[in-house]
Amino acid sequence: MELGLDGRNVLVAGASRGIGRGIAETFLAEGACVLLTGRDEVALAATETVLAAAHPGCVAAWSGDMTATDGIVTAFAALEKRFGAADVLVANVGGGYLVPGWDVGDAELEQALEHNLTGTVRLVREGVRRMQREQAVEPGAFAPNIVVVSSIAGVDVMGAPFAYGIAKSGLNHFVGSMARVVGPGMRVNAVAPGNILFEGGSWERSRAAAPERIERWIRREVALKRFGTVEEIADVVAFLASPRASFVTGATWIADGGQVRSSA
């Protein structure tokens with residue numbers, strides 16, 4: 001399917017590995033130019049080298065903290081200097097080690113909310129400042145837009161770390177609220193991935209440590225009885241960013257192989 005993203009300028013946060021890297025690769029395959037961002041300079045440089053070789057002239061990188069205002073502003077400036085104004089922002093930040101259960105200390109709670117909610121709010125806020133258009137967009141036409149990578153932990157109660165679920169639930173609410181105030185010339189959506197397997201990811205480590213237990217769990221909890229792939233999430237993100245999804249805004253799209261059973 002032709003998504004109509006050719007020539008668009010895309011900022012992908014957290015693009016050095018995993019889901020973020022897959023998202024960047026998908027946008028590049030659709031003809032977009034991409035600024036990769038990430039904190040790990042070595043991993044980011046390696047990813048930039050590989051992707052730039054496949055898509056010369058359309059890949060740049062910036063290393064820094066995409067949850068801090070100064071870093072966010074600098075990254076957008078780098079995109080604008082290299083390619084021009086941003087058309088799409090993919091806010092793929094968050095994660096980290098989180099203490100299970102509800103009885104977490106103040107420092108752990110604040111860190112989880114900062115990393116998985118507040119930081120994304122700052123990133124989206126700057127994206128809106130730079131990308132919002134006042135005029136309405138015709139059906140089927142491209143509109144500047146933001147796609148937030150969230151989690152099914154914010155959609156359903158499924159035993160995820162307490163602070164992480166709170167943060168992602170708040171993030172999904174934030175996306176719906178922002179969509180109502182930035183229209184009609186801009187769209188904001190979220191994708192809530194389920195269990196995605198990729199090299200260096202937490203699920204790869206868990207499966208390596210207890211393969212039979214993890215396999216039983218996946219087959220019991222997920223309707224499709226398997227892990228998802230990075231490419232399957234990236235395809236949903238690219239669709240939502242494209243004119244093919246021109247009537248979709250304020251939505252949290254679940255891509256989890258049928259794990260979520262209810263709305264939290």
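User: Which residue with a positive phi follows H1?
Analyst: This is a predicted model, in which local features need pLDDT of at least 70, side-chain atom pairs count only at pLDDT 80 or more, and totals for chains, interfaces and linings use all residues. Residues are numbered from 1 along each chain as its sequence is written, and side-chain values use heavy atoms, with hydrogens and water left out. Helices (H or I, at least four residues) and strands (E, at least two) are DSSP runs, numbered from the N terminus. The phi is near 95°, and the residue that follows H1 is Gly 31.

User: How many of the twelve residues of H1 are buried?
Analyst: Buried means under 20% relative accessible area, exposed over 50%, and partly exposed in between (1.4 Å probe, protein chains only). Among the buried residues of H1 are Ile 19, Ile 23, Phe 27 and Leu 28. H1 is largely enclosed by the rest of the structure, because the number of its twelve residues that are buried is nine.

User: Which residues form the aromatic pair, and is it stacked or tilted?
Analyst: Rings of Phe, Tyr and Trp (its six-membered ring) pair if their centres lie within 6.5 Å; planes under 30 degrees apart count as stacked, over 60 as edge-to-face and the rest as tilted. Here the centres are 5.6 Å apart with 50° between the planes, so the pair of Phe 239 and Trp 253 is tilted.

User: How many residues apart in sequence are the parts that this pair ties together?
Analyst: Phe 239 belongs to helix H8 (residues 230-241) and Trp 253 to strand S7 (residues 252-255). The pair therefore ties together parts whose separation in sequence is 14 residues.
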